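These are brief notes for a colleague opening this model for the first time.

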Amino acid sequence: MTAINAVTDLTLDGDIAVITLNSPPVNALSAAVRQGLFEGFKAAIADPAAKAIVLICEGRTFIAGADITEFGSAMADPQLADVQDMMESSTKPVVAAIHGTVLGGGLEVALCAHYRVAVPSAKFGLPEVNLGLLPGAGGTQRLPRVVGPERALEMMTSGRHVPAKEALSGGLTDELVEEGKLKEGAIAFARKVAAENRPLTKIRDQNAKVEAARGKPEIFADFRKANARKFRGFLAPEYNIQCIEAAVNLPFDEGMKVERKLFNELMAGSQSAAQRYTFFAERQAQKIPGIADDTPLIPIKKVGVIGAGTMGGGIAMNFANAGIPVVIVEQKQEPLDKGLGIIRKNYERTASRGGITAAQVEERCALITGSLSMEESFADVDLVIEAVFERMDIKKDIFAKLDAICKPGAILATNTSGLNIDEIASVTKRPESVIGLHFFSPANVMKLLEIVRADHTSDSVIATSMKLAKQIGKTAVLVGVCPGFVGNRILGQRQREAQKLVMEGAMPWDIDRVLYDFGFPMGPFAMSDLAGLDIGWVKEKSNGESIRDVLCEADRRGQKTGAGYYDYDENRNAKPSPFTEKVINDFIVKSGANPRKISDEEILERCIFPMINEGVKILEEKKAIRSSDIDVVWQNGYGWPVYRGGPMWYGDQVGPDKVLAKMQDFQAKMGDAFKPSPLLEKLVADGKKFSDL
Ligand code: 3HC
């Protein structure tokens, strides 16, 4: 064995050279890895005893991409392209032996091998788009040559991880070898191709699939049209598409020039900076200071859910999806049956769209059982999540019962969206087992999970909840107990200003448009119409004193009644409503105010800056661990546009001093709702950024 450098070895297995990379955690293409590959291939090619070369990785994965931490500074030599040239022009067959996830630059390296073999659990992808980028090492030109432009469009604009079986049928890998026997399999494969003297074809020279798409611009036009909504606001999907167009219409080397130009543009832009920040922010959120890595975890083998409504049902589905049995308890048979029926329908709908198989529908439904008795069903659960009506007395009653029923050590969780969890925990004799698991509706779809740490919640319960969140595919953020926790507390600021702006002369559609253009999927008034204006509205108590009262009394309760803030046609297309406009104007007249023309800039700043200020207050009160956690909450739970990073990241782009100055200006004109947090003032005085918090 020869050590090429600290992360690369070269060995000879008979007449096959094996280059082994070992650069934890994910064998990313750091300078050391590039150098190891370059020198390793050089030595293997020069070694007369070697007939073919296998590239394999140690650890959990093949190369998972470029080293994202190196972005933004000049890359040390050798460049990745030097490594790729060396591989592609090798006079001996090069075989990439793939396990784990072969992603981004990792796949681009593998596409420069003459052959690829993989284990069945391997996954292939070009996920650069999720970092606001495009594959910048020839992937945009090679992938369409392997899988065809249509498949390349889908893979590169979604970043999807393609399973090995699909990779085999699409030509991305040449052979699958037995799980756990990658090295032997790859060496045997290399020996075979060397013995057969197969010609060493390069992907760059394989033009059949791209030529077949030449002169068919509709492939791209149709794809753009079909995905316009999904790609709105993002630069990277469009740039990826343009690279594939170049692959189809230009010779390889010309296509590479287009790739380089567009890659550099994206890399220098603000969107990719925000998306790369997001990548690390989400990983950072998993790290809880003070909780040791070896904190004992509580095995979660069975889960209980209280409440078979939309929330309870959605929560239960998450666990069934991960193969964990769930029992849902309701008070009466009818709502229980209804809830279980809705769960089945949801699964069937997913199956009808090809998301899961019919057998999976049955498996998952079989994992979810119903019961009318907590006593009978909860004695053996490891975790119970309460998802009933938001009333403290009801929650306390339930937790007192759970304390009596559940086994010692079981986690007792509430899905409250804002009630005081310490108060809920106080009725139990085991507050250390009580935690908030705040799912967002629809709970089987939304990625965010706010994990709420109460005063006495134990480290084990927190660590177990964080791990479980990952297992069920959620993005978890640990927050502290305060009204609304992190997400809804910040939302409250925006909602208040949106309502106030309406009373000053901005129409709901003006405010919605500004926020939509900013990148939110919809504005607050369109959102209210979608959710239903009558959520929390009580007809008997309605006295026409708010705009909502008047709209609900007129049976304008949102999309479901064909009208709300907006008028809707039969296809639920929204139009500004003269009725709503009149209601608003009547209220303004009654209040004695003079409506004024409000600029888009003011709408945006009034809605967003108080959110940033509230974020700082949350950090001041230590209800969130770090500013990036707030951004993770807002991206994953409230539709904050990913390419704008999150409210705190955005605040840094605007400049903390400008945010402070505006808040002071608003405070002088409109009162203490805009009072800057003392920490914001200090931040600016110290010349720091929100991301320093
Ligand atoms: N560069 C640097 N660090 C990386 C990295 C990368 N490409 N990929 C992962 N890491 C780090 C993570 O930050 C994390 O560090 P931490 O432990 O200090 O928090 C650690 O590796 C483990 O990552 P995960 O927690 O995400 O581990 P998982 O096992 O859950 O997931 C993974 C592994 C699927 C490989 C996932 O990490 C991932 O998706 N990585 C990014 C892949 C990617 O985007 N590749 C393309 C990069 S851009 C590129 O290649 C440009 C090229 O075209 C020129």
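1. Helix 27 is mostly covered, with 12 of its 12 residues buried; buried means under 20% relative accessible area with a 1.4 Å probe, protein chains only. Helices here are DSSP runs of H or I of at least four residues, strands are E runs of at least two, and both are numbered from the N terminus.

2. This is a predicted model, in which local features need pLDDT of at least 70, side-chain atom pairs count only at pLDDT 80 or more, and totals for chains, interfaces and linings use all residues. Residues are numbered from 1 along each chain as its sequence is written, and side-chain values use heavy atoms, with hydrogens and water left out.

3. The buried residues of helix 27 include Asp629, Asp631, Trp634 and Tyr638. Among the elements that the buried residues pack against are helix 13 (270-284), strand 17 (448-453) and helix 26 (600-620); contact means heavy atoms within 4.5 Å.

4. Helix 27 covers residues 627-638 and reaches 16 Å from its first C-alpha to its last, close to the 16 Å expected, where the expected span is 1.5 Å times one less than the number of residues. Just after helix 27, Gly639 has a positive phi of about 70 degrees.

5. Helix 18 gives the most to the lining of the second largest pocket, with 4 residues.

Notes:
Buried < 20%, exposed > 50% of the residue type's maximum accessible area, 1.4 Å probe, protein only.
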